[in-house]
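The sequence and structure come next.

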Amino acid sequence: MQTVIYGNHDEKTIGQFNTCLSTGNVVGGVLCADGHFGYSQPVGGVIVYDGQISPSGVGYDIGCGNKAVRTNLQIEDVQDKLPSIMDEVARRISFGVGRTNSERVDHELFDDADWAVFAELGVLEKMKSLAQNQLGTVGSGNHFVDIFVEPATGAIWIANHFGSRGFGHKTASGFLNIGAGREFLGKTPGEKMEQPPTLFDLDTEIGDMYYRAMKLAGRYAYAGRDYVIDQVLSILGAKATFSVHNHHNYAWKENHFGKDVIVVRKGATPLAPGQTGFIGGSMGDISVIVQGRNTEESENAFYSTVHGAGRVMSRTQAAGKMNYHTRTRSGGAISQEMMGDAIKKYGVELRGAGTDESPFVYRKLQEVLDAHVGTLDILNVLRPIGVCMAGANEFDPYKD
């Protein structure tokens with residue numbers, strides 16, 4: 001079995017990784033340097049299966065990922081207008097659980113043949129309605145729309161981070177329900193983060209249905225990110241001159257070491273030789289465009305790398321316990337003043353976001369990238385100048 005661990009991790013994360021490696025038809029695995037404890041499989045974890053797929057490994061936010069584009073603008077084109085630009089981003093793009101604008105997005109995706117999966121399950125109307133209502137919304141948690149400057153060239157970039165929203169969440173919970181012998185739309189009991197992976201054989205009816213539904217949710221996530229990037233380009237009056245688009249919560253059919261396998265990446269970016277990817281840091285740190293290297297180390301890592309800087313502090317530790325009746329938090333280690341001072345010092349125009357997304361809760365991205373230096377090249381270094389996220393106390397069950 002081929003396994004690689006990058007960086008340093010706590011015992012819970014290592015223990016969870018080992019549980020994944022010992023469950024099912026596992027060929028190998030990778031724990032990336034941004035890894036941390038997650039649901040059933042570590043975030044930053046890659047598990048490679050022979051003929052099996054894991055809906056718990058892919059997770060609830062199927063197809064979560066990033067799209068980044070370089071625009072035809074330079075810093076001098078936006079720097080004096082940045083506050084009003086970010087106001088318009090916050091107004092026009094829907095963050096949080098609902099839709100704050102009245103525009104409903106239509107898309108050819110809703111005629112996709114794989115909706116037949118949900119028809120077979122008797123939930124087509126509910127699932128398609130949920131998907132239609134949320135296409136083009138960003139959600140909350142660590143999901144964002146950012147404007148960057150590339151210091152080396154002065155070029156303006158745009159990037160976003162989110163996935164398949166409530167549609168993906170319901171798809172994941174539905175198949176996990178089926179795996180546990182419950183109805184697709186049945187009530188899901190409180191499941192433990194430590195539970196072993198749920199696995200489906202891909203050559204079974206349920207395995208094939210999940211794979212098709214997951215792919216549909218992935219295409220849905222791509223459509224949403226495309227729409228949001230186009231909205232921000234419109235606000236800027238800009239055109240895209242280069243783009244990068246990847247999932248990092250997904251399962252891919254790939255060939256490694258001469259064998260056809262299923263690679264389940266949770267919070268990990270696919271990075272084959274020559275493939276490009278966007279890796280985001282915190283709102284007070286750099287982000288980068290990377291390209292995969294054709295090295296033995298890359299091959300041994302199943303052509304996978306980090307998806308971000310990785311958390312070092314939980315949301316509750318950072319922001320305190322949330323009281324959703326009063327919409328207030330108490331007992332957090334990071335105050336709004338601390339966060340505000342850090343963002344101001346870094347020169348970011350911020351809209352929304354809570355202290356649970358402050359720079360203090362993440363590793364430094366360069367330290368994480370250094371652990372993977374043999375597998376990637378950094379093509380572009382980007383510095384955030386505008387960050388827009390959901391409000392601090394926004395409730396969103398689909399946020400992570």
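## Cavities

A cavity is a set of points, on a 1 Å grid over the protein atoms alone, where a 1.4 Å probe fits but cannot get out. Grid points are joined across faces, edges and corners, and a volume is the space filled by probe spheres set on the points. The model is predicted: local features need pLDDT of at least 70, side-chain atom pairs count only at pLDDT 80 or more, and totals for chains, interfaces and linings use all residues. Residues are numbered from 1 along each chain as its sequence is written, and side-chain values use heavy atoms, with hydrogens and water left out.

Two cavities of 30 Å³ or more are counted. The second largest cavity holds about 30 Å³ of space. Its lining, meaning residues with an atom within 4 Å of a point, consists of Gly65, Asn66, Asn246, His247, His248, Thr269 and Phe278. Strand E5 (65-74) and strand E11 (240-247) each give two or more residues to this lining. Strands are DSSP runs of E with at least two residues, helices are runs of H or I with at least four, and both are numbered from the N terminus. By class, the lining has one nonpolar residue, six polar and no charged. Here Ala, Val, Leu, Ile, Met, Phe, Trp, Tyr, Cys and Pro count as nonpolar, Asp, Glu, Lys and Arg as charged, and the others, Gly among them, as polar.

Two strands pair if DSSP finds at least two bridges between them.

E1 pairs in the parallel sense with strand E2 (residues 26-36), over four bridges. Isoleucine 5 is opposite leucine 31 in E2.

## Partners of E21

Strand E8 (residues 144-150) pairs with strand E21 (residues 376-388) in the antiparallel sense over five bridges. Aspartate 146 has valine 387 as its bridge partner in E21. Strand E16 (residues 287-292) also runs antiparallel to E21, with six bridges.

Strand E20 (residues 349-351) pairs with E21 in the parallel sense over three bridges. Glutamate 349 has glycine 386 as its bridge partner in E21.

Key
On a 1 Å grid over the protein atoms alone, a cavity is a set of points where a 1.4 Å probe fits but cannot get out, and a pocket is an open set with protein on both sides within 12 Å along at least five of seven lines; lining residues have an atom within 4 Å of a point.
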